[in-house]
Every structure is written in C-alpha cells, then in structure tokens.
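Hello,

The structure we talked about is below. My notes on the strands and the packing follow it.

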Amino acid sequence: MMEYLPDSNARYKDVDYWNERYRTEESFEWFGDFTKFEHLIKEHVGVEENILILGCGNSALSCDMHQAGYTSITNIDYSSVCVETMAEKHRNRAELSWLCMDARRLAFPDAVFDVVLEKGTLDAMLVEETDPWSVSNDAAQLLHQVLQEVSRVLKPGGRFISVTFAQPHFRKRLYSRAEYGWSIKHYHYGNSFHYFLYVLTKGEELSPEDAEMERRMLAEAEAPPFEVIFQEVDSEDYLNNIGL
C-alpha cells in the first residue's frame, strides 16, 4: 500500500498518477468491501436495475455486486489504463461494461440509469480542500458539474448512492441543491469507524431541513470570506482528515 502513496495529495486529482498506479496495483477498496454495506445496497437497488458506477478504479465492487445477482452494471473511470485492465480482467462477465469517461461529461442520454453509485470518487476530487465548512470555488464547481450530470442521467425515481467518509453536516452542504431534483437520506456502517452512505432519490423534493440548509449556504456565499489554514497531510488516510 505504501508504495502507491503520492508525494503530494494533489496528485490524487492527476490522471497520470492513477494510470501509473493501476499498471501495477491489483485492487484497492476505499471504505471497505461490498460486504460491509451490502445490506444497504440491497435495500435501495434492485438486481435488474441499470447501474452506473462512477470512478470504478480497480475496486472489486462491480464484480462483487454481479456475484450478488446484479445484472446490468456500467463502470466508468477517467484512467484508460484502469478501464483496459478491468475490461480484460472481467472479459467473461458480459453484464459488466467498462468505459473511459470523465464524470463531468457523461456520454449517456438523459434519464437512462436507475442507479448511479460512487465510492470515494467525490472524496478524491476534494483532496486539496482544507476547510470542510467552506469548499473552494474550484472544488465546488467541479462537484457541481458531476452532480448535474448524475442528476441528468438518472431516471425519475432513480437513486444516486454516494459512499464516503464525510459526515452529513459536511456532505449534505454539497448535495442539498433544489436544482438537482432529489431528496437526501443517509445511513452509516462500520464498527470502530463509521462510513456514510447517502441515497439521493430523483424526483423527490429536499426535506424542509435540507432546503433550509441550501438557503443558509446561499446567504453564506454572499458574506465576506475568511481564511482558515490547515497543515497538509500527505497520507492515503487523507479522506479521514478532510471529512468533506
């Protein structure tokens, strides 16, 4: 594991870093393997639904889901090395497909997926953030582009499932936007350390609490900025330190 640590957290946003890493790394699971949250997936995802996994990496997630009975899973990643390797590794599983694609510009029609799932992908996009209460404009715009695309490709009643370290009081600040057209529920799993699984359902309204959160954030955006400085942590455990 240590051999794959980058010299700077910023490299987690660099496709060249991931291409290099995926050439030799067999598999890595952010936030535990499928068995840790399988009970939540089964509660919210039907085995015959059309599923898109964002930033699949070399995780065994889609393979594990396939073995659990899920029959239609499209995996995308922006690393061509990752996609080629995983497609070859699972070439005998016709129900799994692998595409090289940028999550900000999904090459799919509107309303085509029942479920979009990400596990740690959005956290990696936030790797350079230092203040969980105030995400930078660049990071906020990046996530907004991704979430707009996720909302676009979801069918009415479809679900966006996000698996992350991020606690609700941080992550819901990013998900609570009426324009995405979804409601938000969250769950947790894990024993000594809790991970969080968010279920955002397309076609449902934000709860009054989440709508109020959006109103507060809009008001905060108009307030004068203040600077918070944190020490950078160069470790694969950066997600735990950020908690966005």
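**Strand pairing and nonpolar cores**

Arginine 159 stands opposite threonine 201 in β7. Please keep in mind that this is a predicted model.

Strand β5, residues 154–164, pairs with two other strands, as follows. With β7 (residues 195–202) β5 runs antiparallel, and six bridges join the two. With β4 (residues 113–119) the pairing is parallel, also over six bridges. In β5, valine 163 is the residue opposite lysine 119. β5 is mostly covered, with eight of its 11 residues buried.

On to the packing. The largest nonpolar core has 32 residues. Leu54, Val116, Phe160, Tyr175 and Trp182 have the most contacts inside this core. Two or more residues each come from β1 (51–54), β4, α5 (121–125), α6 (137–153), β5, α7 (168–175), β6 (182–189) and β7. Which element gives the largest share of this core? That is α6, with seven residues.

Leaving aside neighbours within four places in sequence, leucine 54 is in contact with Ile76, Ala103, Leu106, Val116, Leu117, Glu118, Thr121, Val146 and Val150.

There is also a second, separate core of 24 residues. Phe34, Val83, Met86 and Leu117 are among its members.

Regards

Definitions and conventions:
Residues numbered from 1 in each chain as written. Predicted model: local features only at pLDDT ≥ 70, side-chain atom pairs only at ≥ 80, totals over all residues. Heavy atoms only, no water. Buried < 20%, exposed > 50% of the residue type's maximum accessible area, 1.4 Å probe, protein only. Helix = DSSP H or I, 4+ residues; strand = E, 2+ residues; numbered from the N terminus. Pairing = 2+ DSSP bridges. Core = buried A, V, L, I, M, F, W, Y, C linked by side-chain atoms within 4.5 Å. Contact = heavy atoms within 4.5 Å.
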